[in-house]
Amino acid sequence: MTSLNREENFATFIEKKTDYYLDKWNMFENSSEKISWNWSAFFFSAYWMMYRKMYIPAVAVFVSIRVAKYMIALGGGEFYRLVTLVGLLATGALGNWLYYTYASRKIDDIADTAGTDDPSVIGHTVREVGGTSWMWVFALMIVGGIVDKILKYALLRREISIENFDADTFWDIL
C-alpha cells in the first residue's frame, strides 16, 4: 500500500477529527515516540475507546480498572480512586498511540484479506470498520453502571472484606 493510500485509509478510518489524529499518527510513524496527550481519552477512557470502535481494548480497560478498584476496596484500601486516576492518565497519555496501532492493524488486515488492490473496495471496508459509534458507548455506560451499582450495594450492605471473601460471597454479590 502506498503512503498516499495509507494516509487516505487512515483518514477514512478516523472519520472525525481527522487532522488531529493524522498529525499525531505522522509523529508516531516518523519517531519512536508513543506518548501524546489526548484529553478525550483521559476524561472518557474506555468510553472514548468504544466511541472509536476499539471494543476489545475498551472492555479490557473498563474491566481491569473496576477489578483493581474493587479488590483494593475489599482489602480495606482507601486509595482505590487512585486506580481510576492511574487508568485515566495512562489512557490519556497512550490513547493516540493505541488508536494508531489499532487502526494500522485493522487497515492492514483489510488490505491483506480484500482479495483486490482496488482502493475503492478497500476504502469502503475501512469506512465500515473504522469511524465512530455511540451505540456501544451507551451500552457500556448502562451495563457498567448496573454492575457498579450492584457491586457497591453488595459491598456496602454486606460489609465484605478480603478476609471473609470467598467464591460463595463472589457469586452472592452477582
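A helix is here a DSSP run of H or I with at least four residues, numbered from the N terminus. Ala-111 lies in one of these, helix α5. The model is a predicted one.

Q: What makes up the secondary structure of the protein chain?
A: The protein chain comes to 8 helices and 0 strands. Read from the N terminus on, the order of its elements is α-α-α-α-α-α-α-α.

Q: Why is Ala-111 called partly exposed?
A: Buried means under 20% relative accessible area and exposed means over 50%, with partly exposed in between. Ala-111 has 23% relative accessibility, and therefore counts as partly exposed. In space, Ala-111 is 9.2 Å from Thr-125, C-alpha to C-alpha, while the two are 14 residues apart in sequence.

Q: Why is Val-86 counted as partly exposed?
A: The relative accessibility of Val-86 is 48%, so Val-86 counts as partly exposed.

Q: How much of the protein chain is buried?
A: Of the 174 residues in the protein chain, 37% are buried.

Q: Which residues form the nonpolar patch on the surface?
A: The patch is formed by Trp-37, Trp-39, Phe-43, Phe-44, Phe-79, Leu-82, Leu-85, Val-86 and Leu-89, which together have about 940 Å² of accessible area. Two or more residues each are given by α3 (39–51) and α5 (80–113). The largest share, 4 residues, comes from α5.

Q: How do you know that α4 is roughly antiparallel to α5?
A: The axes of α4 (residues 55–74) and α5 come within 10 Å and cross at roughly 165°. Angles over 145 degrees count as roughly antiparallel, and α4 is therefore roughly antiparallel to α5. In handedness, the crossing of α4 past α5 is right-handed.

Methods
Residues numbered from 1 in each chain as written. Predicted model: local features only at pLDDT ≥ 70, side-chain atom pairs only at ≥ 80, totals over all residues. Heavy atoms only, no water. Patch = residues over 30% accessible without salt bridge, like charges linked within 9 Å, V, L, I, M, F, W, Y side chains within 5 Å. Areas by Shrake-Rupley, 256 points an atom, 1.4 Å probe, with all protein chains shown as cover. Salt bridge = Lys/Arg side-chain N within 4 Å of Asp/Glu carboxyl O. Buried < 20%, exposed > 50% of the residue type's maximum accessible area, 1.4 Å probe, protein only. Axes fitted to C-alpha atoms, helices over the stretch in contact; angles between N-to-C directions. Parallel < 35°, antiparallel > 145°, perpendicular 65-115°, else oblique. Left-handed = near helix turned anticlockwise from the far one by under 90°.
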